[in-house]
There are 2 protein chains.
Amino acid sequence: MVGRECSIANALGVIGERWTLLSLREIMLGVRRFDQIAYNTGASRDILATRLRKLVDAGVLEKQQYEAHPPRYEYVPTESGRALVPILQGLMEWGDRYVTQGPPPTVWRHVCGAELHVRAVCEDCGEPIRADDLQLARLGQVPA
Amino acid sequence: MVGRECSIANALGVIGERWTLLSLREIMLGVRRFDQIAYNTGASRDILATRLRKLVDAGVLEKQQYEAHPPRYEYVPTESGRALVPILQGLMEWGDRYVTQGPPPTVWRHVCGAELHVRAVCEDCGEPIRADDLQLARLGQVPA
DNA sequence: CTCCTAAGTTGGAAATTCCTACCTACAGTT
DNA sequence: AACTGTAGGTAGGAATTTCCAACTTAGGAG
């Protein structure tokens, strides 16, 4: 029930529930209001409210008032939320390649002008990261 | 209930359920047998069996016999499974930075010798990908 | 006054997950 | 032959989560 001490598990504790990443996708697309996020993801409203509250509590999103009368709020990403963009992009490209039938439904362009494809590289040497090029330096433990 | 046509949603349809990414983490760590994956993740055995079967059906894992009498199997990643490594690494580093209290529980080393930190760059220009440097070229539609 | 919008909340039904125990097949030991 | 142990599950019922539709709140528009 506890499992290995691990930052993947900790990350999924914040963003690993159903609808959470899809809601973040909408927010990254610029859709920042409750009703539209609910409609575009397909999440039911009660679950969406719970997820958004959790993301705000975890510091991934901020609730900003965009209208005073009546009070209305929108959800904007914090630094930690923006740091998820490459992960979402990676998931999207993995889905494009291995799951989605037909052409990619969504395509981004980078400021450099090219159609965006993300590549994960080692921060030090700049070489692409491949499964075989890694070795463990320290491993989180599994509680007894 | 349907939501936007989107490869993130499609990807999460395969790897988005609880325990799936943690099981893949164990497999990437080299833990490839049922009992150990169950123990190290904390997943219950029936759910784990369901998840592993789904990953095999989706072509993310392969079941390989490693012993004939009695028949015993282990789960090994396919190409599509290995392609998830940078995503897992990205999730781990996001967790290290924004969620985990204290030092990173797990640390990897790259073949170049450095402690591994992943950086997402544009495949064309090589520049890091930041949330502000993207623009939409095409957007998946939400069914009416 | 009535209707409309945005952002939720509520309550009960439906689906999923969790937990424990059990099963199968075989090996090794006594 | 009878026990004991191991790997990889399956079965059944309880506990938890999710889903859905309707309701609420707070104001604006006609």
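1. Basis of the note. This is a predicted model, in which local features need pLDDT of at least 70 and side-chain atom pairs count only at pLDDT 80 or more, while totals for chains, interfaces and linings use all residues. Residues are numbered from 1 along each chain as its sequence is written, and chains are lettered from A and ligands numbered from 1 in the order in which they are written.

2. The contact between chains A and B. Chain A brings 73 residues to this contact and chain B brings 72 residues, two residues being in contact if their C-beta atoms, placed from the backbone, lie within 7 Å. On the side of chain A that touches chain B, the elements that each supply at least two residues include helix H1 (7-15), helix H2 (20-28), helix H6 (85-98) and strand E3 (107-110); helices (H or I, at least four residues) and strands (E, at least two) are DSSP runs, numbered from the N terminus. H6(A) gives the most to this side, with 12 residues. By class, the side of chain A that touches chain B has 43 nonpolar, 17 polar and 13 charged residues, where Ala, Val, Leu, Ile, Met, Phe, Trp, Tyr, Cys and Pro count as nonpolar, Asp, Glu, Lys and Arg as charged, and the others, Gly among them, as polar.

3. The H6 pair. The axes of H6(A) and helix H6 (residues 85-98) of chain B come within 10 Å and cross at roughly 160°; axes are lines fitted to C-alpha atoms, for helices over the stretch in contact, and angles run from 0 to 180 degrees between N-to-C directions. The two helices, H6(A) and H6(B), are therefore roughly antiparallel to each other, a term that applies to angles over 145 degrees. The contact is made by Pro86(A), Ile87(A), Gly90(A), Leu91(A) and Trp94(A) of H6(A), and by Pro86(B), Ile87(B), Gly90(B), Leu91(B) and Trp94(B) of H6(B). These residues divide into 8 nonpolar, 2 polar and no charged.

4. Strand pairing. Between the chains, E3(A) runs antiparallel to strand E5 (residues 134-138) of chain B, joined to it by 4 bridges, and His110(A) stands opposite Leu134(B) in E5(B); strands pair if DSSP finds at least two bridges between them. Within chain A, strand E1 (residues 61-67) and strand E2 (residues 72-77) pair in the antiparallel sense over 6 bridges, with Lys63(A) opposite Tyr75(A) in E2(A). E1(A) and E2(A) form a hairpin with 4 residues between them.

5. Surfaces near the DNA. Around DNA strand D there are 19 residues, of which the closest are His69(A), Pro70(A), Arg33(B), Phe34(B) and Ala49(B); a residue is near a strand if its C-beta atom, placed from the backbone, lies within 6 Å of it. The surface near DNA strand D has 7 nonpolar, 2 polar and 10 charged residues. Of the 19 residues around DNA strand C, Arg33(A), Phe34(A), Asp46(A), Ala49(A) and Pro70(B) come nearest, and the class division of that surface is 7 nonpolar, 2 polar and 10 charged.

6. Backbone points to check. Most residues other than glycine have a negative phi, and most peptide bonds are trans. The peptide bond from His69(A) to Pro70(A) is cis, with omega near -5°, and Pro70(A) is placed in the loop between E1 and E2 of chain A. Trp19(A), although not a glycine, has a positive phi of about 85°, and Trp19(A) lies in the loop between H1 and H2 of chain A.

How values were computed:
Angles under 35 degrees count as roughly parallel, over 145 as roughly antiparallel, 65 to 115 as roughly perpendicular and the rest as oblique.
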